[in-house]
Amino acid sequence: MKRSIVTILLLLAALPIAAWQYKSLSGQYRIAGKTIIDPPLSEANDTHLHLTLSGAAARDLYNAMKVAPKPDECAGNGTMIKTVGEMQCLRSGDGKKYECSFAIDIANQTITGASVC
């Protein structure tokens with residue numbers, strides 16, 4: 001009986017620790033300038049880290065955004081979008097696919113937009 005109680009207590013104690021562990025992520029990145037489409041020739045092309053997250057990382061970020069989702073007029077098909085500042089996350093109409101996009105201004109360490117629509 002004592003062993004069972006100790007085992008249960010250890011498992012319960014480990015639950016919060018597991019939530020703080022780093023997880024693998026999937027997505028794409030590119031180093032580019034600030035302007036997403038048709039950047040001016042004079043613009044430096046290595047000032048921003050553009051990120052697109054997918055899978056579990058995108059789902060978790062979408063769920064962590066404490067704003068109400070809205071229908072995404074660009075994607076259609078029941079896709080919902082959440083936007084916080086310049087960060088955007090999408091959930092497909094069937095709820096099976098997630099994608100988030102944003103960029104990091106490398107010099108200023110600030111989040112900027114990384115999608116056109």
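This is a predicted model: local features need pLDDT of at least 70, side-chain atom pairs count only at pLDDT 80 or more; totals for chains, interfaces and linings use all residues.
Me: What makes up the secondary structure of the chain, and in what order do the elements run from the N terminus on?

Reply: The chain comes to two helices and seven strands, and from the N terminus on these elements run α-β-β-α-β-β-β-β-β. Buried residues make up 23% of its 117 residues, and its accessible surface comes to about 8700 Å², with 60% of that belonging to carbon and sulfur atoms.

Me: Why are Cys 89 and Cys 100 said to form a disulfide?

Reply: The sulfur atoms of Cys 89 and Cys 100 are 2.0 Å apart, and a pair of cysteine sulfur atoms is called a disulfide when it lies within 2.5 Å, so the pair meets the criterion. The structure holds one disulfide.

Me: Why is the disulfide of Cys 89 and Cys 100 called right-handed?

Reply: The torsion about its S-S bond is about 110°, and the disulfide is therefore right-handed. Because Cys 89 lies in strand β5 (residues 87-91) and Cys 100 in strand β6 (residues 98-105), the pair ties together parts that are 11 residues apart in sequence.

Me: How do you know whether Cys 89 and Cys 100 are buried or exposed?

Reply: The label buried requires a relative accessible area under 20%; Cys 89 has 0% and is therefore buried, and Cys 100, with 1%, is buried as well.

Me: Why are Arg 59 and Asp 60 said to form a salt bridge?

Reply: Side chains of opposite charge can pair when their charged atoms come close. The closest N and O atoms of Asp 60 and Arg 59 are 3.1 Å apart, and because the criterion asks for a side-chain nitrogen of Lys or Arg within 4 Å of a carboxyl oxygen of Asp or Glu, the pair counts as a salt bridge. The structure holds one salt bridge. Asp 60, at 31% relative accessibility, counts as partly exposed, and Arg 59, at 36%, also counts as partly exposed.

Me: What makes β3 and β4 a pair?

Reply: Two bridges join strand β3 (residues 70-71) to strand β4 (residues 80-84), and because the requirement is at least two, this pair qualifies. The two strands run antiparallel, and Lys 70 stands opposite Ile 81 in β4.

Me: Why is Val 67 called partly exposed, and which residues is Val 67 in contact with?

Reply: Val 67 is found in the loop between α2 (55-64) and β3, and because its relative accessible area is 33%, between the limits of 20% and 50%, Val 67 is called partly exposed. Leaving aside neighbours within four places in sequence, Val 67 is in contact with Lys 82, Thr 83 and Val 84. The C-alpha atoms of Val 67 and Val 84 are separated by 7.5 Å, although these residues are 17 residues apart along the chain.

Me: Why is Leu 25 called exposed?

Reply: The label exposed requires over 50%, and Leu 25 has a relative accessible area of 61%, so Leu 25 is exposed. Leu 25 has its place in the loop between α1 (2-19) and β1 (26-32), and, not counting residues up to four places away in sequence, Leu 25 touches Leu 53 and Ala 57.

How values were computed: Residues are numbered from 1 along each chain as its sequence is written. Side-chain values use heavy atoms; hydrogens and water are left out. Helices (H or I, at least four residues) and strands (E, at least two) are DSSP runs, numbered from the N terminus. Buried means under 20% relative accessible area, exposed over 50%, partly exposed in between (1.4 Å probe, protein chains only). Accessible areas come from the Shrake-Rupley method with a 1.4 Å probe; for residues, only the protein chains shown count as cover. Contact means heavy atoms within 4.5 Å.
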